[in-house]
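Visitor: I would like to learn how to read the features of this model. Please take them one at a time, with the general idea before the case.

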Amino acid sequence: MRQFELDTQPPRVAPVSQQHYLRQGGSEAIVYQLSETGCSSGVRVGERVFNGFPIGEVGTNTFVALFALAHDQAASEEDVKLWAEDRAGNRTEAGFWIRINSQKFRSRRIEVSDRFIESVVPEILLNTPEIVQQDSSLDTFLVINRDLRRANNQKISEVSLDSRPELLWLEPFLQLSKSKVEAVFADHRSYFYQGRQVDEQTHLGFDLASYAQSPVEASNSGVVAFADYHGIYGNMVMVDHGLGLFSLYAHLSSIAVEPGQMVNRGESLGRTGATGLAGGDHLHFSMVLQGVQVNPLEWWDVAWVRTHLFNKLPAGSGFD
Ligand SMILES: [Zn+2]
């Protein structure tokens, strides 16, 4: 008689880190352990699934997962779980200590002038063959602001799902040198044309203004994941920092890097500009975590990164 080994036991998953605080539009990290090898695992926030990555010494089955709550996502603390699934498809979930804080975001009024439309629409049409010119230039602008924005954000999410399985950085994230903040993460924008509201959208990043065509420094070390023209974002670069975390740089006048290229923190990725849907020379900067655009303020904050990520990592992983 042949012996069949049938695995019907789901893996066990248990938190190691103690406290987790997640803000709407923000990020968080958890360290956890699995009872078996060869599982996929991570954190589920409502319907969104985030993958964890092994850390620490081999054989300890210790993992870290970075996860996020989207700016427009409603999730209760009971809806955030560790999950693990073995090769036989046995799946389990486990709760952990977490507090979710809702955030208030700003509202801003944007005046759409014919001059603005004429300055941005032709370039985007030229570089984006799938956008069909409408009867009026306002309608073409609205197709770009709605449909192209949605498609561009979808692509950004997809790029951010393919990440290196290790932390590629050990220093704080940089904000563009000598820049002034002109817009912040998740500003709710109402668009007015000749006194009439024509659209509303959410701005998923920071607008940072410096002098024209200033060098755009890589916010941290990583690998270039995207470097191309990208609709409303104009010339855009995305850098993979590992564990699902990416930084994004948009409206560049020129791109100086190629996909697959390693970049060091502070290294030039190109120059600021006004390509895509930009009224003037500035850098649109954003952070993306496994499909979700998140608030860069947390990642720029050294104390936040220490408390929420580095202090949770086990000794021996090189970050203590
Ligand atoms: Zn922007």
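**Domains and their interface**

Guide: Between domain 1 and domain 2 the count is 1 salt bridge. A salt bridge here is a side-chain nitrogen of Lys or Arg within 4 Å of a carboxyl oxygen of Asp or Glu. Arginine 23 forms a salt bridge with glutamate 298, with the closest N and O atoms 3.2 Å apart. On the side of domain 1 that touches domain 2, the elements that give two or more residues are β5 (48-51) and β7 (62-68). Helices (H or I, at least four residues) and strands (E, at least two) are DSSP runs, numbered from the N terminus.

Visitor: What should I know about the model and the numbering?

Guide: This is a predicted model, in which local features need pLDDT of at least 70 and side-chain atom pairs count only at pLDDT 80 or more, while totals for chains, interfaces and linings use all residues. Residues are numbered from 1 along each chain as its sequence is written, and side-chain values use heavy atoms, with hydrogens and water left out.

Visitor: Which residues does the domain assignment give to domain 1 and domain 2?

Guide: Domain bounds come from an automatic or database domain assignment. For this chain the assignment gives domain 1 (13-103) and domain 2 (107-307). Their centres, taken over C-alpha atoms, are separated by 28 Å.

Visitor: What is the area buried between domain 1 and domain 2?

Guide: The size of an interface is often given as the accessible area lost when the parts come together. Buried area is the accessible area (1.4 Å probe) that two parts lose on being put together, summed over both. For domain 1 and domain 2 that area is about 1400 Å², and carbon and sulfur atoms give 66% of it. In terms of contact (heavy atoms within 4.5 Å), 15 residues of domain 1 meet 18 residues of domain 2.

Visitor: How many residue pairs are in polar contact across the interface of domain 1 and domain 2?

Guide: A polar contact is a pair of N or O atoms within 3.5 Å; within protein, one must be able to donate a hydrogen and the other to accept it, and residues adjacent in sequence count only if both atoms are side-chain atoms. The rule finds 5 residue pairs across this interface, both residues at pLDDT 80 or more.

**The zinc site**

Visitor: Which residues coordinate the zinc ion?

Guide: Donors are N, O and S atoms within 2.8 Å of the metal (3.2 Å for Na, K and Ca); water is not among the atoms, so sites may look incomplete. Here the zinc ion is coordinated by His203 (NE2), Asp207 (OD) and His284 (ND1), at 2.0 to 2.1 Å. The spacing of the donor residues in sequence is H-x3-D-x76-H. Aspartate 207 lies in strand β15 (residues 206-209) and histidine 284 in strand β23 (residues 283-289), so this pair ties together parts that are 77 residues apart in sequence.

Visitor: Is histidine 284 buried or exposed?

Guide: Buried means under 20% relative accessible area, exposed over 50%, and partly exposed in between (1.4 Å probe, protein chains only). Histidine 284 counts as buried because its relative accessibility is 4%. Aspartate 207 is buried as well.

Visitor: What does the side chain of histidine 284 make a polar contact with?

Guide: One partner is the side chain of histidine 203, at 3.2 Å. The side chain of aspartate 207 is also joined to that of histidine 284 by a polar contact of 3.2 Å. Not counting residues up to four places away in sequence, histidine 284 touches residues including Phe206, Tyr233, Leu248 and Tyr249.

**Salt bridges in the whole structure**

Visitor: How many salt bridges does a search of the whole structure find?

Guide: The search finds 12 salt bridges. One of them joins arginine 150 and aspartate 147, with the closest N and O atoms 3.6 Å apart. Both residues lie in helix α2 (residues 137-159), 3 residues apart, about one turn of the helix. Arginine 150 counts as exposed, at 56% relative accessibility, whereas aspartate 147 counts as partly exposed at 38%.

Visitor: Which side chain meets glutamate 171 in a salt bridge?

Guide: That of arginine 265, at 3.4 Å from N to O. The pair links distant parts of the chain, 94 residues apart: glutamate 171 is in the loop between α2 and β12 (180-183), and arginine 265 is in the loop between β21 (262-263) and β22 (268-271).
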